[in-house]
Amino acid sequence: MSENRDSRPRRRRPLRAAVGLLVLLAVIGYFAVQRASNGGGGAPYCTARVYSGNYDGTSESYEISPEQAANAATIAAVGVAKGLPDRAVTIALATAMQESALRNLDHGDRDSLGLFQQRPSMGWGTPEQIRDPVYSAGIFYDHLVDVPGYSRLPLTVAAQKVQRSGFPQAYAKHEPDATVLTAAFGGDGILECGGPKPAGPGDPEKVRSEIIRIFGEDGLHTIPPRIGDPGRSGQAGRVSVEGKDGPEVEVTLTEKKGGGEAASRRSRAMAYWAVANAKDMGIARVSFGLSAWIGGQARGQWQHKGGTGAKDGDGDPRNSNPDEVRIFMAR
């Protein structure tokens, strides 16, 4: 009997496979609906894009979580603040993508910690320092620039001379995505973060101190309140603004005018750092020249200040005056 049962053809496998496929499609559809609904108020996510041509599509994109985007933005911002080239930023991002998947880990091999899995026992710093993304990115760059000709080396070679990894070739697979992120944060790219608006108020002094800690005070100034703007009051640098969803508090540190390409790059990195950190820091809105990003709206797309939604590149921050970045927090 047992032999006869085993020899009979089994006809239920195609049905099971079909059911499994339907379940998978349902899950994919659910998350697609979440993203499309509520003007970007569904599940949080961030997308780095590099455009091809004049706003006629994108050549490459890379999607990450808000946590990963915040860490990537900090790594890129520290490199930009140090005046390092895009190649240095790409090497740093690819390294962190391999070592921690852009997560600030509290564990690792032996005593390795943080974004770059640096080891206190090997002189990288205290555990507290290593788990500070600004510090860990900064010390990675300090070691990288000590490598002769690092910008001309293959990425795996440059990263390995800093990291001394047991798997040096593993860095290579992250180079394309790291290049997209680099372009988004400091070059001819864009970062969009969708998801719900901040659930609670932000701390303007915390945002201000973090910007100064990353970019330094040289080259920054405070934009005073615009004369005649309705709903504004208080002192320069911390003014009340009546936003679409209620009162907001503004942080107004930005680049001084006339700083050239370096100032433009820093301003772009600052604006995208604010967008990437919006979820955790309670940032409701980021204004960059003629463009604005508003948490929970337009599926995370940048919008033109004079209209609703980005259309034909109108809301693309690459059209913006690079000398003005304004950050608004929910209150």
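Residues are classed as buried when their relative accessible area is under 20%, exposed when it is over 50% and partly exposed in between (1.4 Å probe, protein chains only). Helices (H or I, at least four residues) and strands (E, at least two) are DSSP runs numbered from the N terminus. The structure is a predicted model, in which local features need pLDDT of at least 70 and side-chain atom pairs count only at pLDDT 80 or more, whereas totals for chains, interfaces and linings use all residues. Residues are numbered from 1 along each chain as its sequence is written, and side-chain values use heavy atoms, with hydrogens and water left out.

Helix α7 (residues 155-163) is mostly covered, with seven of its nine residues buried. The buried positions are Leu155, Thr156, Ala158, Ala159, Gln160, Val162 and Gln163. Their cover includes helices α4 (86-100), α6 (133-144) and α8 (175-186), contact being defined as heavy atoms within 4.5 Å. Apart from neighbours within four places in sequence, Thr95 is in contact with Phe116, Phe140, Ala159, Gln163 and Tyr171. A polar atom of the Thr95 side chain also lies 2.7 Å from the backbone oxygen of Ile91.

Helix α7 is followed by Arg164, which lies in the loop between α7 and α8. Arg164 is exposed, at 65% relative accessibility, and its phi is positive, near 55°, although the residue is not a glycine. Most residues other than glycine have a negative phi. A positive phi of about 55° is also found at Ala101, in the loop between α4 and α5 (127-130); Ala101 is partly exposed, at 28% relative accessibility.

The largest pocket has a volume of about 450 Å³. On a 1 Å grid over the protein atoms alone, a pocket is an open set of points where a 1.4 Å probe fits, with protein on both sides within 12 Å along at least five of seven lines, and lining residues have an atom within 4 Å of a point. Of the 19 lining residues, Ser112, Gln117, Gln163, Arg164 and Ser165 lie nearest the centre of the pocket. Helices α4 and α7 each supply at least two residues of this lining.

The largest nonpolar core comprises 74 residues, and Ile75, Tyr141, Leu144, Leu181, Val207, Ile283 and Ile327 have the most contacts inside it. Such a core is a set of buried Ala, Val, Leu, Ile, Met, Phe, Trp, Tyr and Cys residues joined through side-chain atoms within 4.5 Å. Ile75, in helix α3 (residues 66-81), is buried at 0% relative accessibility. Not counting residues up to four places away in sequence, Ile75 touches Ala92, Leu93, Ala96, Leu102, Leu115, Phe116, Ala137 and Tyr141. With the same exclusion of neighbours within four places, Ile283 is in contact with Pro198, Val207, Ala274, Asn277, Ala278, Trp293, Ile327, Phe328 and Met329.

One disulfide, defined as a pair of cysteine sulfur atoms within 2.5 Å, is found in a search of the whole structure. The bond joins Cys46 to Cys193, with an S to S distance of 2.1 Å. This pair links distant parts of the chain, Cys46 in strand β1 (residues 45-51) and Cys193 in strand β3 (residues 189-194), 147 residues apart. The link is right-handed, with 110° about the S-S bond, and both Cys46 and Cys193 are buried.

Note on methods. A polar contact is a pair of N or O atoms within 3.5 Å; within protein, one must be able to donate a hydrogen and the other to accept it, and residues adjacent in sequence count only if both atoms are side-chain atoms. Grid points are joined across faces, edges and corners, and a volume is the space filled by probe spheres set on the points.
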